[in-house]
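This briefing is meant to be read alongside the sequence and the model.

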Amino acid sequence: MKTLMTSVAVSMALLASGPALAADTQSQSQEYQNPAATGTQKTDYSDKELKQFIKVQKDISSIREEYIPQIKKEDDKSEVRKLQIEANDKMVAAIQDKGMDIPTYNAIAKAYQSQPKVRHRVEALM
């Protein structure tokens, strides 16, 4: 459980840091409002959505395990940025390949971290 929470936090940080994500989701973000900002964070996700999230999280964890050590040992800031963008692109592809969109993934990840109800449901499905 602690590993999943750490993975979710790191994954969200990497996803949020990449300019490629902003370009990919620019059209989506016009329609999407951040639930945390509006105070209306959804917690009633379907089992299907949560199962997709779990599958995606496994892929995200693999990507994170591949890139975090490379990023940590790199001294050149431009190389670090390049690796972050590369990892971000792979994470975005992993999310979309599993049939999720970025806003839904991010919303479930936030709910997993902040809503015990969602966390317990995800853990029960694992």
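Leaving aside residues up to four places away in sequence, Ile63 touches Ala87, Lys90, Met91 and Ala94, where contact means heavy atoms within 4.5 Å. The model is a predicted one, in which local features need pLDDT of at least 70 and side-chain atom pairs count only at pLDDT 80 or more, while totals for chains, interfaces and linings use all residues. Residues are numbered from 1 along each chain as its sequence is written, and side-chain values use heavy atoms, with hydrogens and water left out.

**Ile63 and the overall fold**

- Ile63 lies in helix α5 and counts as buried at 10% relative accessibility, where buried means under 20% relative accessible area, exposed means over 50% and partly exposed lies in between (1.4 Å probe, protein chains only).
- Ile63 and Glu86 are 23 residues apart in sequence, and their C-alpha atoms are 9.9 Å apart in space.
- The protein has eight helices and zero strands, with helices (H or I, at least four residues) and strands (E, at least two) taken as DSSP runs numbered from the N terminus.
- Of the 126 residues in the protein, 37% are buried.
- Among contacts between residues at least 6 apart in sequence, 81% join residues at least 24 apart.

**Helix α5**

- The 27 residues of α5 should span 39 Å at 1.5 Å a residue, and the end C-alpha atoms are 39 Å apart, which agrees; the expected span is 1.5 Å times one less than the number of residues.
- At Tyr67, α5 bends by about 25 degrees, and a proline, Pro69, follows within four residues; the bend at a residue is the angle between axes fitted to the seven residues ending there and the seven starting there.
- An α-helix has 3.6 residues a turn, so residues three or four places apart point the same way.

**Nonpolar core**

- The largest nonpolar core has 26 residues, and those with the most contacts inside it are Tyr45, Phe53, Ile95, Met100, Tyr105 and Val122; such a core is a set of buried Ala, Val, Leu, Ile, Met, Phe, Trp, Tyr and Cys residues joined through side-chain atoms within 4.5 Å.
- Four helices, α5 (47-73), α6 (77-97), α7 (102-114) and α8 (116-125), each supply at least two residues of this core, and the largest share, eight residues, comes from α5.

**Aromatic pairs**

- The count comes to two aromatic pairs, on the rule that rings of Phe, Tyr and Trp (its six-membered ring) pair if their centres lie within 6.5 Å, with planes under 30 degrees apart counted as stacked, over 60 as edge-to-face and the rest as tilted.
- Phe53 and Tyr112 form a tilted pair, with 6.4 Å from centre to centre and 40 degrees between the planes.
- Because Phe53 lies in helix α5 and Tyr112 in helix α7, this pair ties together parts that are 59 residues apart in sequence.
- Phe53 is buried at a relative accessible area of 0%, and Tyr112 likewise counts as buried at 0%.
- Ring pairs link Phe53, Tyr105 and Tyr112 into a cluster.

- Tyr105 and Val56, 49 residues apart in sequence, are 8.5 Å apart in space, C-alpha to C-alpha.
- Thr104, in helix α7, counts as partly exposed at 23% relative accessibility, and the side chain of Thr104 makes a polar contact with the side chain of Asp101 (2.7 Å).

Conventions: Polar contact = N/O pair within 3.5 Å; in protein donor to acceptor, adjacent residues only side chain to side chain.
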